[in-house]
Amino acid sequence: MSQVVGRDDLLLVTLDTLRFDVAVELAEAGRLPNLAAHLPGGRWEERHAPGSFTYASHQAMFAGFLPTPAAPGPHPRLFAARFEGSESTADRTYVFDAPDLVSGLADAGYRTVCVGGVGFFNKRGALGSVLPGMFQESHWEPEFGVASPTSFEAQVARAERVVAELPAGQRLFLFVNVPSLHQPNWFHLPGATREAGDSRATHAAALEYVDRHIGRLFAAASSRRRCFTIVCSDHGTAYGDDGWTGHRLGHESVWTVPYAHFFLEPGAHR
């Protein structure tokens, strides 16, 4: 990353609330053709989330603490704030002298843009303004929110406009928080009803919905130059697992998340 930053554009996509087991099952079954085409070896990497809900996890990720590989470490990080005694900062780590990665990339000349999704990015109050407030430019509207059946399509359209309006020489750090997997997601499964509510099956249908449209996002992000891309979940969620429901709790379905990073070559995804 010490060589990538300053040369390539950067894209971080958090598939909010996506479970690791659902992501793996769909990829193995060929139900995520657009995502699987970019996953190294066609497989998700198993990692541990840095937090059990959106706010905590994104605060950690924006400080350089991306989901941790699910194996004994220490594991060198891609990004790290400069601080004495860090065991996960290596020669290839991009080290920034700022309180957060977003500011560090801005200091390095990047245009930092957030396309928000869940409520912690909606800018409707003080709490919902903290995370998007880290960026030079942030976008949220009701069509991007958890209650919209077409949220990701709307987000992608906004991202396309953001990229199109940038000067050719301007490096970009684009962050997209995808709300489609988050509750409510029942409307992504044909035949499901509000009364029946969300389930592991509707969660899976929401991921398939995202996969149908993510190619447009990848095409926009790599339309000007090579783009280093991270796609991951910030945390999972429980659907009655061992009696647990939801997240912000310490269960395997919450702590274990899918992760991938890869390069998008310019013009290869239209």
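1. Arg-111 and its partner. Arg-111 counts as partly exposed, at 28% relative accessibility. This comes from a predicted model. Arg-111 meets Glu-137 in a salt bridge, with 3.1 Å from N to O. Glu-137 lies in strand β7 (residues 137–139) and Arg-111 in strand β6 (residues 111–115), so the bridge ties together parts that are 26 residues apart in sequence. Glu-137 is buried, because its relative accessible area is 18% and the cut-off for buried is under 20%.

2. Salt bridges as a whole. Side chains of opposite charge can pair when their charged atoms come close. The structure holds 16 salt bridges. Some of them share partners. Such bridges join Arg-19, Asp-21, Glu-25, Arg-200 and Asp-241 into one network.

3. Asp-9 and Arg-224. Which residue forms a salt bridge with Asp-9 at 2.8 Å? Arg-224 does, and the 2.8 Å is the distance between the closest N and O atoms. The pair links distant parts of the chain, 215 residues apart. Asp-9 is in strand β1 (residues 9–15). Arg-224 is in the loop between α7 (200–221) and β9 (227–232). Is Asp-9 buried or exposed? Asp-9 is buried, with a relative accessible area of 1%. Arg-224 is partly exposed, at 22%.

4. Asp-9 and Arg-225. Asp-9 also meets the side chain of Arg-225 in a salt bridge, at 3.1 Å from N to O. Here too the link joins distant parts of the chain: Arg-225 sits in the loop between α7 and β9, and Asp-9 in strand β1, 216 residues apart. Arg-225 is buried, because its relative accessible area of 12% falls under the 20% cut-off.

5. Phe-79. Phe-79 lies in strand β4 (residues 79–81). Phe-79 is buried, with a relative accessible area of 4%. What does Phe-79 touch, leaving out residues up to four places away in sequence? The contacts are Met-1, Val-5, Gly-64, Leu-66, Thr-93, Tyr-94, Phe-96, Leu-101 and Ile-230. For a sense of distance, take Phe-262. Phe-79 and Phe-262 are 183 residues apart in sequence and 15 Å apart in space, C-alpha to C-alpha.

6. The cavity. Rolling a probe the size of a water molecule over the atoms shows where empty space is left. How many cavities of 30 Å³ or more are there? The count comes to 1. The largest cavity has a volume of about 60 Å³.

7. The lining. Phe-79 turns up again here, as one of the residues that line the largest cavity. Which strand gives the largest share of the lining? The answer is β1, with 3 residues. Strands β1 and β9 each supply at least two lining residues. How do the lining residues divide by type? There are 9 nonpolar, no polar and no charged residues.

Note on methods:
Residues are numbered from 1 along each chain as its sequence is written. This is a predicted model: local features need pLDDT of at least 70, side-chain atom pairs count only at pLDDT 80 or more; totals for chains, interfaces and linings use all residues. Side-chain values use heavy atoms; hydrogens and water are left out. A salt bridge is a side-chain nitrogen of Lys or Arg within 4 Å of a carboxyl oxygen of Asp or Glu. Helices (H or I, at least four residues) and strands (E, at least two) are DSSP runs, numbered from the N terminus. Buried means under 20% relative accessible area, exposed over 50%, partly exposed in between (1.4 Å probe, protein chains only). Contact means heavy atoms within 4.5 Å. On a 1 Å grid over the protein atoms alone, a cavity is a set of points where a 1.4 Å probe fits but cannot get out, and a pocket is an open set with protein on both sides within 12 Å along at least five of seven lines; lining residues have an atom within 4 Å of a point. Grid points are joined across faces, edges and corners, and a volume is the space filled by probe spheres set on the points. Ala, Val, Leu, Ile, Met, Phe, Trp, Tyr, Cys and Pro count as nonpolar, Asp, Glu, Lys and Arg as charged, and the others, Gly among them, as polar.
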